[in-house]
Amino acid sequence: MKWWGWGDEHHRFDLSHAAAGLEYLGDRLGIRELAPAFAARMEDVALPDSQASAALLAALAEIVGPENCRTDHRERLLHSAGKGYHDLVQLRRLRLPEAVDAVVYPRSEADVMAVLALAQQQQVAVVPFGGGTSVVSGLAPLRGAQRAVISLDLALLNRVLDVDLVSQTATVEAGIFGPDLEAQLRARGLMLGHYPQSFEYSTLGGWLATRSSGQNCLRYGGIEKLVECLRAVTPAGTVETLRVPRRGDGPDVTQMLVGSEGTLGVITQATVRLRLVPDERDYFMFAFKRFDAALEASRTLLQSGISPALLRISDEEETAGTLALGQSTATGIKALQRRLAKQYLQAAGFFPPNLAVLLVGLEGTRAQNRAAAKQVKRHLKTCECRSLGRAPGRRWLQTRFELPYLRDELLDNHLLIDTLETATTWSRVDGLYRAVRDALQRAADTEGEPLVVFCHASHLYADGASLYFTLLGRQKAADPIAQWRNIKRAANEAIRAQGAVISHHHGVGIEHRDYTGWGETERLMLRQLKTALDPEGIMNPEKLL
């Protein structure tokens, strides 16, 4: 990925193509003119000098090969920050106050074992690295009590080791990226079906380490449901869990390692559960007058036993922002189509862009999707909503991995752009939504800069839902990091006050470690597990706990 932002450095989400986008930014935030794209050289970013001794580097090179032990500026820079707001602002300021001292690419699990043994002996912290997409400072190169810190990049452990066609499982090395994994599985008519927004640039090991939840979790489940067993190398030894569909012989060690964020060891491979590739995908959208009405319709839909692959509900502000920032200026037939759609909605008492929208996704055989679509539409006929058809659904599928590119453009314009997410039960969703929005707006008022808050419910269950907030505001020129921290702290405190979880799928890292909601006994259990598997505290220090 580009070092200063997201994805392919030659790809942009160009805001200049939409007059509505600039009008929206002007009305909400006073942005009347777009700034030029960020331009700087990687070499301009100041890094602290490497603290890795010549003896340490020689020992690492002997394990992984000289070409796989790197201390050059490029490798250290790319492995010293994730893709959170804090990371990107620091990079754009051309200075990282902390950096890894070396980057190591193990070629095998044996290499991982040898590196951890050496690190334990030499007092070296180890930060496991998958795709580098953490947004909660999970990759911050903190050394704790150790003398140096290295990044352990699993990119060379990227093979599909075995596909069991009878059991529909695959054993895969943890460094494989999402697109590579799906391509190899689809050649056999199978798929994992795990699509986080970071899919193109994240790895199986990263998904497991952060307890990732894909966009289609309603049908396929989060990564914790998709993993059957795993292997992990820890400083205390290798963990290999049993390859069975379920076990009742005590606590589940696999699940103890899922979500451990590299603080206990390095997940090197996993056996995952597969599905047949669906014959078709059918995605369509409905408009509601209010966000709470769309949430209620979705709750009753799920609790009636109807289970699509995806339900996603955007509130009124997110709908307006998405329409303004995400659509190009239309002419000709496209402009006519948009006018007719607007007239159709207004005639029924719906006034875009002041709408909430519900996206429904179905995946399966043609017959399964037709039957499910009838059930969904029959249920929604009892609600005050209007169909927007399949065109918006197809567009979402085509562009669902594009939004992080928009963040780069907004950062170019000195805007605060960040996301946070949480989850709670249905009976508490409305209170949580209002409490977090209010907390964010109060904090923004205190900081003295305008802030727009978007929200969508991105992962829904029979008993509750995840709320995903996007923050868009003007940066405080004097200290944008302090501004962001104060706003983020207000949101975190509101989430915990509502009894909700601090993260549904982004993880803990540093940003959430003081807000996990664990009790003293739970913390004691986790610290004992950390002590048992990592007695010298070398694994990703100061994260999670």
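This is a predicted model: local features need pLDDT of at least 70, side-chain atom pairs count only at pLDDT 80 or more; totals for chains, interfaces and linings use all residues.
## Ground rules

Local features need pLDDT of at least 70 and side-chain atom pairs count only at pLDDT 80 or more, while totals for chains, interfaces and linings use all residues. Residues are numbered from 1 along each chain as its sequence is written, and side-chain values use heavy atoms, with hydrogens and water left out.

## Cavities

A cavity here is a set of points, on a 1 Å grid over the protein atoms alone, where a 1.4 Å probe fits but cannot get out; lining residues have an atom within 4 Å of a point. Two cavities reach 30 Å³ or more, with volume taken as the space filled by probe spheres set on the points.

The largest holds about 40 Å³, and its lining includes Val135, Trp484, Lys488 and Glu511.

## Aromatic contacts

Rings of Phe, Tyr and Trp (its six-membered ring) pair if their centres lie within 6.5 Å; planes under 30 degrees apart are stacked, over 60 edge-to-face, and the rest tilted. The whole structure has 13 such pairs. Tryptophan 3 and tryptophan 4 sit with ring centres 5.7 Å apart and planes at 75°, so they're edge-to-face.

Elsewhere, Tyr195, Phe199, Trp207 and Phe401 make up one aromatic cluster.

Conventions: On a 1 Å grid over the protein atoms alone, a cavity is a set of points where a 1.4 Å probe fits but cannot get out, and a pocket is an open set with protein on both sides within 12 Å along at least five of seven lines; lining residues have an atom within 4 Å of a point.
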